[in-house]
Amino acid sequence: MARVQLVIPDADKARFVHQARREGLSLSAWLRAAAKDRLAERRKGKGFKTVEDMKAFFDECLEKAGPGPEPDWEEYKAIISESKMKGLPKP
């Protein structure tokens, strides 16, 4: 099992320990449970509940993309290359 060192303010540690004890857990077990809960919440995501939700999402994407055709791949590569060159140091 891996060991992780955590630096937190004393006031937070006191609150976390207090809550962990209320739940009958060690601080370590409580922090692991809190981290797992947070990951589970993030995994849920919004998702599409109906076909209408999905259509609304794609309509919004089209609206944000603006009018006209998308650039072709050669144009994208040129834009990417130009962008990379801007970040390089001058010779």
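**Close-up views of a predicted model**

**View 1. Glu74 and Lys77 in helix H4.** Helix H4 (residues 73-86) holds both Glu74 and Lys77, three residues apart, about one turn of the helix; helices (H or I, at least four residues) are DSSP runs numbered from the N terminus. The model is predicted, with pLDDT of at least 70 needed for local features and 80 or more for side-chain atom pairs, while totals for chains, interfaces and linings use all residues. Numbering starts from 1 along each chain as its sequence is written, and side-chain values use heavy atoms, without hydrogens and water. Glu74 and Lys77 form a salt bridge, with the closest N and O atoms 3.2 Å apart (side-chain nitrogen of Lys or Arg within 4 Å of a carboxyl oxygen of Asp or Glu). Glu74 is exposed at 51% relative accessibility, whereas Lys77 is partly exposed at 37% (buried is under 20% relative accessible area, exposed over 50%, partly exposed in between; 1.4 Å probe, protein chains only).

**View 2. Arg15 and Asp12 in helix H1.** A salt bridge of 2.7 Å, N to O, joins the side chains of Arg15 and Asp12. The two residues are three apart in helix H1 (residues 10-22), so about one helical turn separates them. Arg15 is exposed, at 53% relative accessibility; Asp12 is partly exposed, at 23%.

**View 3. Lys64 and Glu60 in helix H3.** The closest N and O atoms of the salt bridge between Lys64 and Glu60 are 3.2 Å apart. Lys64 and Glu60 are four residues apart in helix H3, about one helical turn. Lys64 is exposed, with 67% relative accessible area, and Glu60 is partly exposed, with 43%. The structure holds four salt bridges.
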